[in-house]
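Hello,

Here is the structure for your files. My notes on it follow below.

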There are 2 protein chains.
Amino acid sequence: MQDSLTSSAKRRTIISVDAMGGDRGPAAVVAGIALSAKENPDIGFILHGPKDELERLMARKKVLEGRVEVRHASGIVTMDDKPSHIVRHGRETSMWSALESVRSGEAAVCVSCGNTGALMALSMLRLRKLEGVNRPAIAVLWPSRNPQGFNVMLDVGADIRADEHDLLQYALMGASYARNGMQLEIPRVGLLNVGTEEHKGRAELKLAHDLIAQNAERGKYRFVGFVEGGDIPGDTADVIVTDGFTGNTALKTGEGTAKLIGDLLKEAFKFSPLSRLASVLAYTSMQRLKKRIDPRRVNGGVFLGLNGTVVKSHGSADATGVSAAVKLAFQLAHSGFAERLAARVALVEQSKADAPTDKGTTA
Amino acid sequence: MQDSLTSSAKRRTIISVDAMGGDRGPAAVVAGIALSAKENPDIGFILHGPKDELERLMARKKVLEGRVEVRHASGIVTMDDKPSHIVRHGRETSMWSALESVRSGEAAVCVSCGNTGALMALSMLRLRKLEGVNRPAIAVLWPSRNPQGFNVMLDVGADIRADEHDLLQYALMGASYARNGMQLEIPRVGLLNVGTEEHKGRAELKLAHDLIAQNAERGKYRFVGFVEGGDIPGDTADVIVTDGFTGNTALKTGEGTAKLIGDLLKEAFKFSPLSRLASVLAYTSMQRLKKRIDPRRVNGGVFLGLNGTVVKSHGSADATGVSAAVKLAFQLAHSGFAERLAARVALVEQSKADAPTDKGTTA
């Protein structure tokens, strides 16, 4: 298997995949990469986890033959592991190993379904922050009324704080992500705030507003100013910039609300013989709707602001979910996203050095 | 009409209603109070707005005869008016007049569909903050998996900041609201935070955690500790405490997500002849679901922490919405909510004076 990988790797984009730590175990991950391999002949994989188990799972998938190199790792990061513990003692884990392939340059992007906190902590440790970035961020795709069907929101929980400079970097990184991941030439960027006009507003948001506005041309985005929570699933902006505390709360509230409605909808369809019949008739339409707002379809928070790209797949991702994360990883790798993002951040950093745009001039 | 009101007012609970400023105008408000009057013989109204117009609208509603006193007010607060402008120049408006009836003690609770910012600013000015309350809050009911079908969340936008003492007061006020508005003897209170355990967390949240825990008995609630965005529509807590920035964002994100799903659902049902037939068959079940999560059914943010209770109805409220807000207002008036809340806040303030629980001991 290794031999055939070596010979064909040149034309393939290699994705490093952590096979362990997701709720459904390595079988879902192997099934997911098999789906991706079938769909896209240009992807190759380095798969990290217990060698014997992975090879047994892969044996059943013809499509993976010659496409996967297995890297043995005996340890698993569980959902309950503390990030600080993994940073100190996680050297033998599949997560660590998966990041190592990106660090070494063998793979372009890393995909993992594991513990978010641990993955971020390890990513910071092993990949290091991008030059000029103070706080990396996690960006997610959010079902919206936009033509592309999704908005980018960041940060959704890499950090709980963000000052005006961090928020500017989120704008740059989010715009770069939207351009390379969603093919939007000039993404519209909005800064999350609350609507009531006259109160004083958080000071850092006013400063961030000015900074993001000033750097629109350099960052190749259009700044639409302040947006509200209702604009996250809306069509006002393509990129929603906020701090990780607010973003994480919004993300989980939105997910929880969607889940509640979904469950109530199921109950409603079960209520009477008529509604049960209706549910049969509406099946195709409902599946289409489900697909439209299914988190598995847009599976993958992306860690931005590191030397390398990491796609965090949902912990409960099944084969479809893993395959969606791999697709996103491929797209980002293929577009040279990491290099473009780094160049964009550097450009703004450079302009700061040339003509300071920080507190002295924006306050 | 005035005469009959005087004679029957003694046994009636009087609600002061701002007829103007909602998106659907005074006709929706008059239709709404007529619905309420029909359902509940124990409500009387003071209705504020242009006398001629209101009397013309009321003439068609037999059920309102002898139940409504009209207070003429020529001015209207529009949705675009700046709160600071209304505070300075709003003396002739129906909103000002509606609050005046609560201030004077003629009515127990004020209901308005108007501009939230202006209503809060006027409420602060005319009713004044409750002794011991630093920041009043807006509480909303949120569709959830709880047996009662709703959670209380506050603050959703009265202020954008809250320190640990404010958050404690939100816990007290929210618990009091849940007890009096939802008949929960010992409400469960949760403090909104983000899940990733180990990062430092916002300092005020750690302090608030301790303060809220310490005052559980005095406040007559059970503290369940930190909760996440996903718990807002969940069944972990009955009262979700957070600052107005986070709460407002969560509220609008949740509303926006629900609206998006609803619209996509409608599209899905229109997609094919089969799905159109399904939508006919599922009609009753869908209406039931809609009712369950319909904001009009739980219409009314409640302003807490003032000398008097103000129910802010949704700007787009129709007759059903207005009637739901009046029902809530009646329930709160009837249970002596304002006095109970004041007593609860005073109790904790008193305990602070007796044995300081502030920074010195909790840090």
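Strands β7(A) and β8(A) pair in the parallel sense, over 5 bridges. Two strands count as paired if DSSP finds at least two bridges between them. Helices (H or I, at least four residues) and strands (E, at least two) are DSSP runs, numbered from the N terminus. This is a predicted model, in which local features need pLDDT of at least 70, side-chain atom pairs count only at pLDDT 80 or more, and totals for chains, interfaces and linings use all residues. Residues are numbered from 1 along each chain as its sequence is written, while chains are lettered from A and ligands numbered from 1 in the order in which they are written.

Strand β7 (residues 188–192) of chain A has 5 of its 5 residues buried, so it is largely enclosed by the rest of the structure. Buried means that 20 or more other C-beta atoms lie within 10 Å of the residue's own; with 12 or fewer it is exposed, and in between partly exposed, the C-beta atoms being placed from the backbone. A:R188, A:G190 and A:L192 point one way from β7(A), and A:V189 and A:L191 point the other way.

These strands belong to an open sheet of 11 strands in chain A, with mixed pairing and the order β3-β2-β1-β4-β11-β10-β5-β6-β9-β7-β8. Its edges are β3 (68–72) and β8 (222–227) of chain A, each of which pairs on one side only. From one strand to the next the twist averages 25 degrees. Helix α2 (residues 25–39) of chain A packs on the sheet and touches β1 (13–18) and β2 (43–49) of chain A, its direction making about 170 degrees with that of β2(A). For such angles, axes are lines fitted to C-alpha atoms, for helices over the stretch in contact, and the values run from 0 to 180 degrees between N-to-C directions. Elsewhere in the sheet, β5 (residues 137–143) and β10 (residues 301–304) of chain A pair in the antiparallel sense over 3 bridges, with A:A137 opposite A:L304.

Chain A is divided into domain 1 (1–130 + 305–335) and domain 2 (134–298), bounds that come from an automatic or database domain assignment. Their C-alpha centres lie 26 Å apart. In all, 16 residues of domain 1 of chain A are in contact with 12 residues of domain 2 of chain A; contact means C-beta atoms, placed from the backbone, within 7 Å. On the domain 1 side, α6 (116–127) and α13 (319–334) of chain A give two or more residues each, and α13(A) gives the most, with 6 residues.

Chain B can be laid on chain A with an RMSD of 0.0 Å by a turn of 180 degrees and a shift of 0.0 Å along the axis. The two copies are thus related as by a two-fold rotation axis. The superposition is by least squares on the C-alpha atoms of residues with pLDDT of at least 70 in both. In chain B, the C-alpha nearest the axis is that of B:A278, 2.1 Å from it.

Regards

Technical notes:
Contact = placed C-beta atoms within 7 Å.
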